[in-house]
Every structure is written in structure tokens, then in C-alpha cells.
Number of protein chains: 2
Amino acid sequence: MARWVRYACADGGVGFGVIERDQILEHTGDIYGKHSPSGKVLPLASVKLLCPCAPSKIIALWNNFHALAAKLGKAAPKYPLFFIKPASCVVGPGAPIERPMAYAGKIVFEGELGIVIGNACTDVSVDEAPLYIHGYTCVNDVTAIEVLTADPDFPQWSRAKSYNTFGCIGPAVASGLDWSILRIVTKVDGTERQNYALSDMIFSPHELVSLLSHDMTLLQGDVIACGTSIGVGSIREGASVEIAIEGIGVLENSLARQR
Amino acid sequence: MARWVRYACADGGVGFGVIERDQILEHTGDIYGKHSPSGKVLPLASVKLLCPCAPSKIIALWNNFHALAAKLGKAAPKYPLFFIKPASCVVGPGAPIERPMAYAGKIVFEGELGIVIGNACTDVSVDEAPLYIHGYTCVNDVTAIEVLTADPDFPQWSRAKSYNTFGCIGPAVASGLDWSILRIVTKVDGTERQNYALSDMIFSPHELVSLLSHDMTLLQGDVIACGTSIGVGSIREGASVEIAIEGIGVLENSLARQR
């Protein structure tokens, strides 16, 4: 298993590498293809971690955990139900979540497992799916929840979830991770708010990659946010949200204080 | 007014230029910035036109024409209602529309005006909006209509409209176009199916760029599909859909015959 990160150095250069304890082993080449260690080792604390991938789109699932479906009184869906978050909303670990200028309502966190696509794929089977997965990451699918239901004729999934900084991803992409034995733990200002088993997922990552690749081509770096489970809630200005999955790390983002 | 196109030559090279009658005046430089004629002139018939821009996302409006809102019995919305179509669904003029492998239902055409963003913008005013518009194009917002309503709990706007080849754009981006005096005419196999005035729009292009730029950063090449009006319908395998706006040209795409 390796934990891949992308980072910016103090001199502005951008690199990628593998985390080893509190260091990064810099690599050169293609993060998804041929690469090798450059020999350079950087203290983790000396760099700014970036979003570990550069998605062209985030496909974000709704109603993909049995526990949340039961709580909401919804049947398990027959196929993945999703909306799309654009690349423009993506930020990495540590980046502030910014309140949209014209929105004074509740802002909600949703801790999720993210699948990062390693190779473009179209119409692949469940068995082939692992060949196209680079690894797994943490996602905070931030939502301006009052926008979602503001219009009686049209649920605004895309608008509520596409504001700049509302797609928090990171800190690393873990390849070779066995997600099925892991849990997601979300904390707000240190207090646990979500703690759920990934094995409760309705459509598994391999099923999602297969099914969604029949809906559209998945591109290198694209992220599938697997949906959240119980415990989502709103955050106040200044609050810190930490989403942790063992083997990936902790994704931390705070809601910026008002300007 | 200029009509910008992107094209592939027989040798595989990709270029851009301005249409003059049945010729293309090749340009070099940045289609959105500094550019100049190369001196080379190509017969239009000698190249394959591509999508005239490379959007990172398509923001597609629902319920943005008074006539269609009245027909559906819907109130005019208070703000633009939209879903997102990903870059992976984009094709240019002449490209076949492909039926998704697992979908046997109706496929619907929707003729629309597309706004092409020329410069990235965030939180811009209506007055500033024209500075960020490269020009206007035609969009066929193709839809697997039975997918949209297949789940009782979740309208699948993104899935129904994001299949590969379901975002037809082109043939040109017309800069300096006065959209307000123009009509969209959609024909299927030569028979007129839509003919509506763009002046019937609820949110105008300048309002859309301003309002949507407050929802997310609009990037160079991004497309806002302004929504359709009355006359949408389904197409059979082999049917040719032509969407025409004077000053832009005719966007033609056919539904591929079954493989």
C-alpha cells in the first residue's frame, strides 16, 4: 500500500510523492503511470499538500448507505443515484471552505470515501474495475443545504454542492487499500459526528466504477464520492471538519470566518 | 462579428480560425487571447469541424423560457435552475449521438443557445458579464428521458444528460452576436420541430453569466446551455437533428444506428 500526495513547495514548485511517516519521498514521472523515486526526501511539514488528484468531474452519490437510507425511510436504489460536482469546486487539505457571497444559510459537512480513477474507462465490468482505480481518498461533500430545497419544482443538487471550495479532497490517495474493513470518522472541532463502516455501502466501489463507466467515460483523476451515512450536520464559521479513514489520513478543512 | 471554429485536418493536426463563406482563415495564438491570421486559407469541406471550445463543464438550464414554463404550468424561477453535464459528454458538429449500451428508451433532442466563456470569472456583475463571454454557439442537450424519472426519490438530471455524445456543441462560436433578435430552429430529418425566439428567455445571457459566476467560477471554454423551449421530442436511430441559429450556423448530429 502507498499513500500518494501532491504538494506545493515554498518555492512554488509542484510535485508528487509517497508519504513515509512524516516525510515525502518525491517521485518523478506520471503519478498514474511510469514513475520512480527521485531520491529527494521532504519533511511533510515543509510543503503545502494539494488535492492529491486533478479531477475533471466529481460524481457524487446520493443514498448509498443502508443505515442512512433506513433513517430517511428510502428504499435502496436500483442503480447509483448521483449528481456532478465540477472541477472548479475542488480544494485540497487545509484549504478554507468559503461561504458563498449571497448565501446566509446552513452549510453542511458530509464525510465520504472517494474513489480516484487511475485510467480512463468506459463500459467496464465489475471484475475489470480494479484495473482503473488508482486508490481511495477522503471527501468532504460540502453542501449549502437550504439551496437544495429552495425551489419547489427543481431540487438543486448541483448548485447546492458546486460552490467553489465545496469539494474538499485528500490528504492522500491510498493505493491497495482494503476499504471494506474500514470506517469513516468525521469530527467537528474535535467532537465525533460521524463514525460508520464502509461495508454498509449499497453499491461497492467496484460496482460503482463499473456502473458509472456505463453512464459516462471516467477520466484519469476523476473522483467518485461514494455518498455519506448518518451524522451529517451543519458547521459554523471557524469550525474545523476532520474526515479520517485509516490508511488514507485525515482531511481537515475549516469554514472560513466572515470577511 | 466573427465565427470561430476548431477543426482537425486530414493529417491529424488541430487548428482554429474564422469562417469566411466556405473557407476557414487559419489563425495562430490563443483563440481567447492574442491571435492573428496565419495567412493559410482552408476550404471548409477539407476539414472536420470539432467542438469549437473545450469546456471543463456545461451548466445547463432548466425552465428558462416563458413559453415552455407556461406550457408546463411552472412559475418563472427566482434564480437559474441548472444541472451539470461533464466534459466527457461533449462532441462537435457531425459526430454521431450514441445510444447508451444499457438504455432502450426514448432519446430526446433539445435545441438551445450556448454561451461560451472567454475568460475565467467569479462573482461578476451583469454589466461586467460581456467581458467574459467569448461568443454564442448552438447546443443539443440530448437526454435519455426515461432515466430522468426512473427513480421515484431522485430525479436523475445528470445521469440522463451526461452519457457520452449527449453534449453536442457547434458548429462555431459567434462573437459579437446580438442573440436578442434571433430564433432557434430545430429540424429532425428536415422537418421543423422547434422555432422559438431567444428574446423569450427568462434569464438573459448576461444575467446567467453574472448569477452563475456567483455559484461557481466559470472557466475559459465553459458552456452555459440556456435551456430549451417548446417542441422537444424524441428521435429514432438514424434521425438527423439540425439546430440552427442565424449568425452561428447549423449544428447537425444524427442518432447512430444500432451496432
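Val108(B) has Thr143(B), a residue of E12(B), as its bridge partner. In this predicted model, local features need pLDDT of at least 70 and side-chain atom pairs count only at pLDDT 80 or more, whereas totals for chains, interfaces and linings use all residues. Residues are numbered from 1 along each chain as its sequence is written, and chains are lettered from A and ligands numbered from 1 in the order in which they are written. Helices (H or I, at least four residues) and strands (E, at least two) are DSSP runs, numbered from the N terminus.

Strand E9 (residues 107-109) of chain B is joined to E12(B) by two bridges in the antiparallel sense; two strands pair if DSSP finds at least two bridges between them. The open sheet to which they belong has three strands in the order E12-E9-E17 (chain B), with antiparallel pairing. Its edge strands, each pairing on one side only, are strand E12 (143-144) and strand E17 (233-235) of chain B.

Strand E18 (residues 240-245) of chain B runs antiparallel to E19(B), and six bridges join them. Ser240(B) has Ser254(B) in E19(B) as its bridge partner.

In chain A, strand E14 (residues 183-188) and strand E15 (residues 191-197) run antiparallel and are joined by six bridges. Val185(A) stands opposite Asn195(A) of E15(A). The two strands E14(A) and E15(A) form a hairpin with two residues between them, and Asp189(A) in the turn has a positive phi of about 50 degrees.

## How the two chains meet

Contact between the chains involves 33 residues of chain B and 33 residues of chain A, two residues being in contact if their C-beta atoms, placed from the backbone, lie within 7 Å. On the chain B side, the elements giving two or more residues are strand E6 (57-62), strand E7 (81-86), helix H3 (157-161) and helix H4 (205-215). E7(B) gives the largest share, five residues. This side of chain B has 17 nonpolar, nine polar and seven charged residues; Ala, Val, Leu, Ile, Met, Phe, Trp, Tyr, Cys and Pro count as nonpolar, Asp, Glu, Lys and Arg as charged, and the others, Gly among them, as polar. The copies meet through the same surface, because 100% of the interface residues of chain B are also interface residues in chain A.

## Strand E7 of chain A

Strand E7 (residues 81-86) of chain A is mostly covered, with six of its six residues buried. A residue is buried if 20 or more other C-beta atoms, placed from the backbone, lie within 10 Å of its own, exposed if 12 or fewer, and partly exposed in between. Leu81(A), Phe83(A) and Lys85(A) point one way from the strand, while Phe82(A), Ile84(A) and Pro86(A) point the other way. E7(A) pairs with E6(A) in the antiparallel sense over six bridges, and Trp62(A) stands opposite Leu81(A).

Buried residues of helix H4 (residues 205-215) of chain A include Pro205(A), Leu208(A), Val209(A) and Leu212(A). Their cover includes strands E6 (57-62), E10 (111-117), E11 (133-141) and E16 (223-225) of chain A, together with H3 of chain B.

Which residues have the most contacts inside the largest nonpolar core? They are Val209(A) and Val209(B), in a core of 159 residues. A nonpolar core is a set of buried Ala, Val, Leu, Ile, Met, Phe, Trp, Tyr and Cys residues joined through C-beta atoms within 7 Å. Not counting residues up to four places away in sequence, Val209(A) touches Ile115(A), Val124(A), Ala129(A), Tyr132(A), Ile133(A), Leu218(A) and Ile224(A).

## Cys226 of chain A

Cys226(A) is in the loop between E16 and strand E17 (233-235) of chain A. Cys226(A) counts as buried because it has 28 C-beta neighbours inside 10 Å. Leaving aside neighbours within four places in sequence, its contacts include Leu61(A), Glu112(A), Ile115(A), Pro205(A) and Leu208(A).
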